[in-house]
Structure formats: C-alpha cells, structure tokens
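Biologist: I have a model open here and would like to go through it. Can you take my questions one at a time?

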Amino acid sequence: MPQLVPFYFLNEVVFAFAVITIVVYLSSKYILPRFVRLFLSRTFISKLFDNK
C-alpha cells in the first residue's frame with residue numbers, strides 16, 4: 001500500500017525527535033550536573049593542596 005509510505009516517514013521523524021528530546025533532557029538533568037560537580041570537587045581539592 002504505497003499511500004501509507006508518508007505516514008511511515010512521519011512516524012520515523014516523530015519518533016527520532018522524541019528520542020532526541022528525551023536524551024537531551026535526561027543528559028542535562030542527570031548526567032551533566034554530575035560531571036560538573038565532579039570537576040568542581042576536583043578543582044577545589046587541588047586548590048586546597050596547592051597552597052604552599
């Protein structure tokens with residue numbers, strides 16, 4: 001049924017957009033702040049031990 005081909009591609013585009021949105025939200029909400037906190041704690045510790 002060739003008349004269903006546009007709906008297939010529309011479904012693919014909507015699904016890809018939803019996946020990209022979810023990945024960006026989860027990474028900005030949970031993953032990236034952990035890396036920022038880790039980096040800040042490392043710099044703080046290195047500044048504590050660097051005072052000579």
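Biologist: What share of the protein chain is buried?

Modeller: Buried residues account for 0% of the 52 residues, where buried means under 20% relative accessible area, exposed over 50% and partly exposed in between, with a 1.4 Å probe and protein chains only. This is a predicted model, where local features need pLDDT of at least 70 and side-chain atom pairs count only at pLDDT 80 or more, while totals for chains, interfaces and linings use all residues. Residues are numbered from 1 along each chain as its sequence is written, and side-chain values use heavy atoms, leaving out hydrogens and water.

Biologist: How many helices and strands are there?

Modeller: One helix and zero strands, taken as DSSP runs (H or I, at least four residues, for helices; E, at least two, for strands), numbered from the N terminus.

Biologist: What does the C-alpha trace span?

Modeller: About 75 × 15 × 10 Å along the principal axes.

Biologist: Where is the kink in α1 centred?

Modeller: On Ser-27, at about 45°; the bend is the angle between axes fitted to the seven residues ending at a residue and the seven starting there.

Biologist: Changing topic, how many aromatic pairs?

Modeller: One, by a rule that pairs rings of Phe, Tyr and Trp (its six-membered ring) with centres within 6.5 Å; planes under 30 degrees apart are stacked, over 60 edge-to-face, the rest tilted. Tyr-8 and Phe-9 form the pair, edge-to-face at 5.5 Å centre to centre and 65° between the planes.

Biologist: How accessible is Tyr-8?

Modeller: Tyr-8 is partly exposed at 49% relative accessibility, and Phe-9 is exposed at 53%.
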